[in-house]
Amino acid sequence: MAAQANKLTPMMQQYMEVKRQLPPNSLLLFRLGDFYEMFDDDARMGAEVLGITLTMRNGQPMAGIPYHAADSYIPKVLAAGKKVAICDQVETPRPGQLVKRALTRILTPGTTLEDHQLESRRNHYLLACDFSPKGQLTAAWLDLSTGDFAVAAETKVDALTSTFASLDPREVVLPEDARAHWLRAGVDERAISALYEFLANRTVSEVSGFHFDPSEGCRSVLETLGVLNLDGFGVAKDHPGLGPAGALLRYATDSLRAPPQNLSRLRAHRVDQTLLLDPATLRNLEIFRSSTHTREGSLLHAMDRCVTAPGARRLEAVLAAPALDLELIHFRQNCVGEFLEAPAIAGELQDYLKGIRDLPRILGRLRNRLRNPRELGAIRDTLLQLPSIRETLATLDGPHLANLAAGIEEFPHLFDLLHRALAEDLPNQLQEGGYIADGYDTDLDRIRSLTRDSKTWISDLEASEAARTGIKKLKIRFNNAFGYFIEVTKANLHLVPDDYIRKQTTVNAERFYTPELKEKEREILHADEKAIAREEELFRGIVDSVLEHATALEATAATLADLDLLIGWSVLAREWNYVQPIVDDSDKLEIEGGRHPVVEQMMRRERLKGLPGEHDFVPNDTALSASGEQIAVITGPNMAGKSTYIRQVALIALMAQVGSWVPAAKCRIGLVDRIFSRVGASDELSRGNSTFMVEMNETANILNNATARSLIILDEIGRGTSTYDGLSIAWAVVEHLHGDGTAGPRTLFATHYHELTQIDQQLPRVANHCVAVKEWNDRIIFVRQVVKGAADRSYGIQVARLAGLPPTVIDRAKVILSKLESEDSSHNLLRLRLKERRKRQAAGEDPDEAQLSLF
């Protein structure tokens, strides 16, 4: 190995030294002149991921990208779940000497800060997880771009993984060999499996287990936040989540090559303070992503009327952790109402908000030493809007909006500084210069004057030399390689005077210089260098002034995000005729004229496009009570709208609990602690799970974790197996949810098992509903109306005709159906059992003795 290392060139030795420092799965971009080069396995990986050419030099694989275009390539590597290490030149190259290089960043999917590597309207979390010696799932998560930092610890693993699913972290950090370590420590294997189920298909990075040490984590958090204790954040010094928090900080420090500087707060997340939605419910209700894995078609998209990126991220955060705090819910509702009463002012405020830039992420980059002139320009543009926003808010009389106005600071002195110091048009790179305004600094003005005077001298020299030599097309030009030179076309070379010194020959011209021109070149270049150096010095001072106000700026930015969100909700309510729901601590769920917020919008878009089909959404009512009509069994044919109906009830409950108004004529929602759903079919064949197994797993989660405060929607439980098995499971699930007590979780149970409609005769808190249809000439017409009572039959054959099955199949199906209905089917068997049960009641015997033998 030593002999082989000696054969490496000094540059490759430098490369290998950096490469040995990197974590696994890292692609090293090594700066060589104007390119970032990759070698060996990195070259092969880079060529494959980036779609660039793989070359060979002396048998060594190589690939490269222009350094100025790296920003367009790096996101592709991160999207592939890999890390990108940047090794830059940290000194000016000198001829004949090896340039000094250093590792300046390690970019990972969860630690990126650059604007072009982030989705502006989405939060960007890095998550760390571990299990404590007591078997608690401990965690910390951090959005490095905004400084949002939280810790959590829960004995109920599924409750915390539900939170993780809502956060949707871009990267997860675990201890090395985590599963084996946890098993050796005696952690419940089911808890570990539940966590790894969440981790499937996510980017996972492993670090040494000692990084998760709680005491070291506490020390690291205190040092990073610059505090003596965590009491002010409501976090105990022995909080189990501090171990993962320390691991996150160590990981972020390794990535940034310095400790993160934009962290000033820590919060303890408690799952009992938020409405929980498990991963299946997030997927089934399409909260953040539609079934096609796009933002469009999701509830998030339907509710988003924000005009700023922080406002959109605030909406995402609110939906990820809906409040159980009635005071907060009512405050948001009332703010929406006050904006609704003043639509013109709300519109004016939105116009001002459109001029607001992404302050949280800009401040995050500035604090972490990623700085460019346009970021300061964005802060200047934002501060310009603040007085108008406060003044406009002050014209509203609403008491709730006064609280918002109080949270907006104007920063007049900082705005004056930025307005005076910055040029109107700003470059993206410091090296380009020209971003400090004329008149701001006398030294810079003097240096610039020298540069401008010298360039005027060059222009005058060009004119005088053309006159002296008689060469009309004589030009004085400049490039980085040769500096200033006099260019003469070959047709005029006979006119060149003797005092011209040849510098370079090109295809069509010769280039010359004079001692006088050479001296002026030195003056100009030195003045340019001094001007850029002075601008950078001034820039650092301006950044320091901005960062002195960073905490107050972040507080104002948070208020502006809330303002944007609430105005957006008022716009939504006005556009779609939403109503303010009553949200209280009752056990009621009452909706009059409820509509599906996503489907309704989609139908209108289709109507506007002139597409065929139904374009008017049919509203429906719902009335549930944990202690009254607790379970609604809903029957009706396929395509009638059962699934849409039960989903819309869950979405309306969620919207009400985040503080939004809702698509209904009237609404009352008693606080919900969890929303569960078992809707739709999806195989997980890669994990060895069939459709039925997925269905049973999700149903088990519901039955094991639902409370009397929960809302449950179930669609077609038991359909993935035989009729008898499926019906038996469905019946038993309803019985379990009803229970023997006086209250249970509010439940909508859609089914095709019409035998199940008989269960209301046994369970007092069960009621039958159905989706009405009209029959005409052996065909059905869907009216999309949910009414009381059970459907008389499923209309499956009529739906099959609508789907286009051949007439021969339809006719044969009718014959078979008639024969089955005439036999002793499960339907008739159930009727016999129920008749037997009523006889036992009439005879004064215990009817429940027959319950377990129903099937």
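This is a predicted model: local features need pLDDT of at least 70, side-chain atom pairs count only at pLDDT 80 or more; totals for chains, interfaces and linings use all residues.
**Exercise 1. Work out which kind of aromatic pair Trp182 and Tyr196 form, and where the two residues lie.**

Start with the whole structure: a search of it finds nine aromatic pairs. Trp182 and Tyr196 make up one of these, with 6.3 Å from centre to centre and 65 degrees between the planes. Planes over 60 degrees apart count as edge-to-face, and that is the label for Trp182 and Tyr196. Next, find the two residues: Trp182 is in helix α6 (residues 178-184), while Tyr196 is in helix α7 (residues 189-199), so their pair ties together parts 14 residues apart in sequence. Finally, look at accessibility. Trp182 has 0% relative accessibility and counts as buried, whereas Tyr196, at 23%, counts as partly exposed.

**Exercise 2. Classify the pair of Phe478 and Tyr484, then decide whether each residue is buried or partly exposed.**

Take the geometry to begin with: the ring centres of Phe478 and Tyr484 are 4.7 Å apart and the planes meet at 45 degrees, so this pair is tilted. Phe478 has a relative accessibility of 39%, which makes it partly exposed. Tyr484 has a relative accessible area of 10% and is buried.

**Exercise 3. Find a cluster of rings, and then the lysines that lie over a ring.**

For the cluster, follow the ring pairs that link Tyr15, Phe30 and Phe39. For the lysines, go to Tyr513: Lys518 lies over its face, 5.8 Å from the ring centre. Then visit Trp457, where the charged end of Lys520 sits over the ring at 5.0 Å from its centre.

Conventions
Residues are numbered from 1 along each chain as its sequence is written. Side-chain values use heavy atoms; hydrogens and water are left out. Rings of Phe, Tyr and Trp (its six-membered ring) pair if their centres lie within 6.5 Å; planes under 30 degrees apart count as stacked, over 60 as edge-to-face and the rest as tilted. Helices (H or I, at least four residues) and strands (E, at least two) are DSSP runs, numbered from the N terminus. Buried means under 20% relative accessible area, exposed over 50%, partly exposed in between (1.4 Å probe, protein chains only). A charge sits over a ring if NZ of Lys or CZ of Arg is within 6 Å of the ring centre and within 35 degrees of the ring normal.
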